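Please open the structure in a viewer and keep the selection panel at hand.

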Amino acid sequence: MRRKRSRSSGEGLINLTFTIIYISYWWLILQEIFQGASHFIYISFVPFIGLMFLHSLATKWHERRKEKQLVESVEKSIARYKDRIKTGA
């Protein structure tokens with residue numbers, strides 16, 4: 001019986017990284033707002049939307065990479081079992 005290799009999900013690391021970026025971003029923006037720079041309220045949303053877009057791009061890129069690895073793994077397994085059937089092992 002084979003043991004499954006446990007791999008940590010890279011998506012969790014991506015989410016953690018962007019959560020830290022979001023928190024620090026809003027921390028800096030709120031500090032400026034509370035110090036009296038109220039114009040930061042209006043200009044802070046555009047970079048935040050950009051950060052959200054980057055987050056979605058990073059997540060999609062990771063998902064595509066995982067899917068590609070899965071397809072390659074399945075193709076290798078199919079080839080291996082085809083060889084076993086041909087040789088009669």
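**Aromatic rings**

Across the whole structure, a search finds six aromatic pairs (rings of Phe, Tyr and Trp, the last by its six-membered ring, with centres within 6.5 Å; planes under 30 degrees apart count as stacked, over 60 as edge-to-face and the rest as tilted). Select Tyr-25 and Trp-26: their pair is edge-to-face, at 5.3 Å centre to centre and 75° between the planes. This is a predicted model, in which local features need pLDDT of at least 70 and side-chain atom pairs pLDDT 80 or more, whereas totals for chains, interfaces and linings use all residues. Residues are numbered from 1 along each chain as its sequence is written, and side-chain values use heavy atoms, without hydrogens and water.

Tyr-25 is buried, at 16% relative accessible area, and Trp-26 is partly exposed, at 23% (buried is under 20%, exposed over 50%, partly exposed in between; 1.4 Å probe, protein chains only).

**Ser-44**

Move to Ser-44, in the loop between helix H2 (40-43) and H3 (helices are DSSP runs of H or I, at least four residues, numbered from the N terminus). Ser-44 is buried, with a relative accessible area of 1%. Beyond residues up to four places away in sequence, Ser-44 touches Tyr-25, Trp-26 and Ile-29 (heavy atoms within 4.5 Å). The side chain of Ser-44 also reaches the backbone oxygen of Ile-41, at 3.2 Å.

Notes
Helix = DSSP H or I, 4+ residues; strand = E, 2+ residues; numbered from the N terminus. Polar contact = N/O pair within 3.5 Å; in protein donor to acceptor, adjacent residues only side chain to side chain.
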